[in-house]
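Thanks for asking me to look this over. Here are my notes, point by point, to read alongside the coordinates.

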Amino acid sequence: MNRALSNHPERALQYGETEGLRELREYVARSSTLSRPVQPENVLIVSGSQQALDLIGRVFLDSCDRIIVENPTYLAALSAWRPFEPEFVPINDSDYGVDSGELKAAISQAPKLLYSVPNFQNPRGVSLNLKHRLQILEMLRDTNTLVVEDDPYRELRFEGEPIPGFLELASEHEETSERVISIGSFSKILAPGLRVGWVIAAEAVIDRMVRAKQSMDLHTSTLNQAVILELLQQNFLPDHLRKIRAAYRERRDVMLSVIAEKSPIEMTTTRPEGGMFLMARLPEHFDGARLLGEAISRGVAFVPGEEFYLSGLGKNELRLNFPTLHRKESAKECGGWPHVSLHKRDVGCAKNAKGIISHKGAQRSQRKLIKNFPFCGLCAPLWLPPHSCVFALFHG
Ligand SMILES: Cc1ncc(COP(=O)(O)O)c(C=O)c1O
């Protein structure tokens, strides 16, 4: 922050261009892996990727427009678009792809948007495989449907090979790349509190979004953009990413092994190769939302899976957040077993816990975490996103 202020004093505290700081847009343009070069004119800096979702709604959606969404999907995308009264068309999501039959039927209804979180999706942590990405683009080729690629977890891959994104794949064909809007964020790789994200899209799309953003907030905080720029110019990111990927991988492994070895009931889980979440499925008769109250009283948290579905599915599923594990401390305090809740001092050692923590509990603990871990190499992994869970496991 100090360096941002001393190196960019005139910009950091002044009004700026709605599009965002030129150097930051250049950085985003340079970092994209498209086959054709991206120009800064194709980039808009936004106040978190959440704002991009809202802008897309304002610019493109009219009442009754159809939006194809993965089912389950990112809850706050639905909330961003609900005010525009669209009709969501959910496509059931298997572990690594979408149902092609359902997709074909949905596309035949001339949807305005197709929304996908292709990498380490929130909530399930799985990624759409290459075959399905290509298939979706192929199916959309002769349509006017826009693809909204929401990709905040892309850089958090700790296992497996990267899969090219929609924009990347579409960039080989002029006509489809014009119709992909790709959204990214510094929230998951640097600091969510700075509220800086970006959009890469065709210039005509960016222009429309710029006009909508102008009337919302004029521009994203120039100070926060300058802080990010400073970190990028100091080359902070590569090392930081290495650290958080390693930490997340270890925490995923701990969570999966504790579930496999200690769960008193049968539980299946997704096995993410990156990102921040996994989804656990309990036997059919369990209801995550009902379990929540009981779990909260024992000091444990998760988000009931049902919240992420559009069709009443997911009652027996729980979205778990593995970056928030604190293995060493927990192992010490909970008799050698990784106690996967937040700090014991915050929420209590949830002996025999079989579940969850409340959002309120999570937020309280988040505040403490933020206090305990000021901006440092590992602050991003310790962040609890909205609706995130803190997950206490089966010990004792
Ligand atoms: C898929 C997805 N999109 C967008 C967001 C919003 O992120 P940001 O902090 O960049 O607004 C999140 C945050 O959890 C997310 O999971």
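1. A definition to start with: two strands count as paired if DSSP finds at least two bridges between them. With that in hand, L113 stands opposite L146 in β5. Strands β4 and β5 (residues 146-150) are joined by 4 bridges and run parallel. Please keep in mind throughout that this is a predicted model.

2. On the other flank of the discussion is β2 (residues 66-71), which runs parallel to β4 and is joined to it by 3 bridges.

3. Are the side chains of β4 buried or exposed? Along β4 (residues 113-116), L113 and Y115 point one way while L114 and S116 point the other way, and all of them are buried.

4. These strands belong to an open sheet of 7 strands, whose order is β1-β7-β6-β5-β4-β2-β3 and whose pairing is mixed. At its edges are β1 (43-46) and β3 (87-92), each of which pairs on one side only. On average, neighbouring strands here are turned by 20 degrees against each other, ignoring direction. Helix α10 (residues 203-217) packs on this sheet, where it touches β1, β6 (180-185) and β7 (197-200), and its direction makes about 25 degrees with that of β1.

5. There is another open sheet to look at, with 4 strands in the order β8-β9-β11-β10 and antiparallel pairing. Its edges are β8 (268-269) and β10 (303-304); each has a single partner strand, so one side of each is left without a neighbour in the sheet. Strands β9 (residues 277-281) and β11 (residues 317-321) pair in the antiparallel sense over 5 bridges, and L278 has L320 of β11 as its bridge partner. Helix α12 (residues 236-262) lies across β8, β9 and β11, running at about 10 degrees to β9.

6. An α-helix has 3.6 residues a turn, so residues three or four places apart point the same way.

7. For the ligand, which residues come closest? The closest are G48, S49, Q50, S185 and S187, within a set of 13 residues that surround the ligand. Sorted by class, this shell has 5 nonpolar, 7 polar and 1 charged residues.

8. The secondary structure comes to 16 helices and 11 strands. Of the 396 residues, 49% are buried. Taking contacts between residues at least 6 apart in sequence, 72% join residues at least 24 apart.

Key. Residues numbered from 1 in each chain as written. Predicted model: local features only at pLDDT ≥ 70, side-chain atom pairs only at ≥ 80, totals over all residues. Near = placed C-beta within 6 Å. Nonpolar A, V, L, I, M, F, W, Y, C, P; charged D, E, K, R; others polar. Helix = DSSP H or I, 4+ residues; strand = E, 2+ residues; numbered from the N terminus. Contact = placed C-beta atoms within 7 Å. Axes fitted to C-alpha atoms, helices over the stretch in contact; angles between N-to-C directions. Buried ≥ 20, exposed ≤ 12 C-beta atoms within 10 Å, placed from the backbone.
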